[in-house]
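Please open the model in the viewer and keep the sequence at hand.

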Amino acid sequence: MQIRAVIALLFATAPFAAATYFPGKSNNCPSNEFRFGSWCLPRGGPSKEQTPSPPKGSNCPPTQWYWNKSKGCCTPRNPPPSNPPPPQCPKDWQWNSGLSKCEPCPTPSKPPPSTPSSKPGQGGHGDKGGHGDKGGHGNKGGHGGHGGHKKRGQEKSRASLCPTGLDACPISQLIGDYECLDTAVELESCGGCASLGQGQDCTQIDGAWNVGCEQGTCVVYTCAGGFALSDDRQSCIPL
C-alpha cells in the first residue's frame with residue numbers, strides 16, 4: 001500500500017514525468033511514430049513551416065527538438081539515443097527537465113557603481129568622441145548603439161569592431177547592427193558568420209542529437225535513434 005501511495009504522489013507532483021526517455025520501445029505506436037514516455041510522436045516531427053513558435057519565456061533545443069503545442073512542451077523529432085545527454089539549449093538558455101523546455105538563464109545582478117557621477121546630467125567625456133552627454137554613448141564619433149551592437153553611419157572596418165579573436169557578424173533583423181562571435185566555437189556560426197553565408201550551423205545537421213563546434217568545424221557527439229555516427233563525426237547516417 002505504501003508503494004502505491006508513493007507512485008500516486010509522484011504522478012500528482014510531476015505532470016511532466018511522462019516525458020521520460022524510453023529509447024527502443026515503440027509499444028502500441030504506429031510504424032511511423034516512436035514512443036517518448038507515454039506519448040507516440042511522429043518520426044521527423046512537423047515541417048519547419050508547421051512548427052509553432054514557443055510561447056514567450058520558453059524555447060526549444062535547436063537540435064532535434066520542436067515546440068509541441070498540444071503537449072505544451074518541447075518534444076524530439078526522432079527517438080532519443082540510449083542514455084542521452086541533456087538537450088542543448090540556445091545561448092543564454094538552460095534546460096528545465098521537469099517542464100521539458102529551455103528557460104532563460106538567470107541574469108546576474110549588477111554591483112552598484114563605486115563612485116557617483118561628478119555632476120548631475122554628465123556621465124561621459126563630452127559630446128564629441130567620448131561616451132555621451134548624459135550617461136549615454138556619445139553624440140558624435142563615440143560608441144553609439146546599445147548592447148555591444150554597432151549602428152549604421154559609423155565608419156569602421158568589420159575587423160576592428162570586436163575584440164581580438166571575435167568576428168563581427170551582422171544581425172539580419174537589425175540592419176547595420178552586429179554581434180561579436182567566436183566562430184571557432186559558436187554552434188550556429190561555426191567557422192564563419194552564418195548571416196554572411198559563411199561557416200556552418202551545427203544545430204541543423206540531420207539526425208544529430210548533441211553537437212559541438214571545435215576550431216571552426218562541426219563535430220557530432222551523439223546521433224538520435226535510427227541514425228549512426230559517421231566516421232569523420234561530422235554527420236549522422238540514417239539506418
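**The whole chain**

Begin with the order of elements: from the N terminus on, the protein runs α-β-β-β-β-β-β-β-β-β-β-β-β. That amounts to 1 helix and 12 strands. Please note that this is a predicted model.

Next, display the surface. The accessible surface of the protein comes to about 15,300 Å², and carbon and sulfur atoms hold 53% of it. Of the 239 residues, 31% count as buried. Among the contacts with a separation of 6 or more, 39% are between residues 24 or more positions apart.

**The aromatic rings**

Now select Phe36, Trp39, Trp65, Trp95 and Trp209, which ring pairs link into a cluster. How many aromatic pairs are there in the protein? The count comes to 4 aromatic pairs. In one of them, the ring centres of Trp65 and Trp209 lie 5.6 Å apart with their planes at 55°, so this pair is tilted.

Finally, select Ser58, in the loop between β2 (39–42) and β3. Is Ser58 buried or exposed? Its relative accessibility is 9%, so Ser58 counts as buried. Show the side chains here: that of Ser58 makes a polar contact with the side chain of Lys101, at 2.9 Å. Apart from neighbours within four places in sequence, Ser58 is in contact with Trp67, Trp93, Lys101 and Cys102.

How values were computed
Residues numbered from 1 in each chain as written. Predicted model: local features only at pLDDT ≥ 70, side-chain atom pairs only at ≥ 80, totals over all residues. Heavy atoms only, no water. Phe/Tyr/Trp six-rings, centres within 6.5 Å; stacked < 30°, edge-to-face > 60°. Helix = DSSP H or I, 4+ residues; strand = E, 2+ residues; numbered from the N terminus. Buried < 20%, exposed > 50% of the residue type's maximum accessible area, 1.4 Å probe, protein only. Polar contact = N/O pair within 3.5 Å; in protein donor to acceptor, adjacent residues only side chain to side chain. Contact = heavy atoms within 4.5 Å. Areas by Shrake-Rupley, 256 points an atom, 1.4 Å probe, with all protein chains shown as cover.
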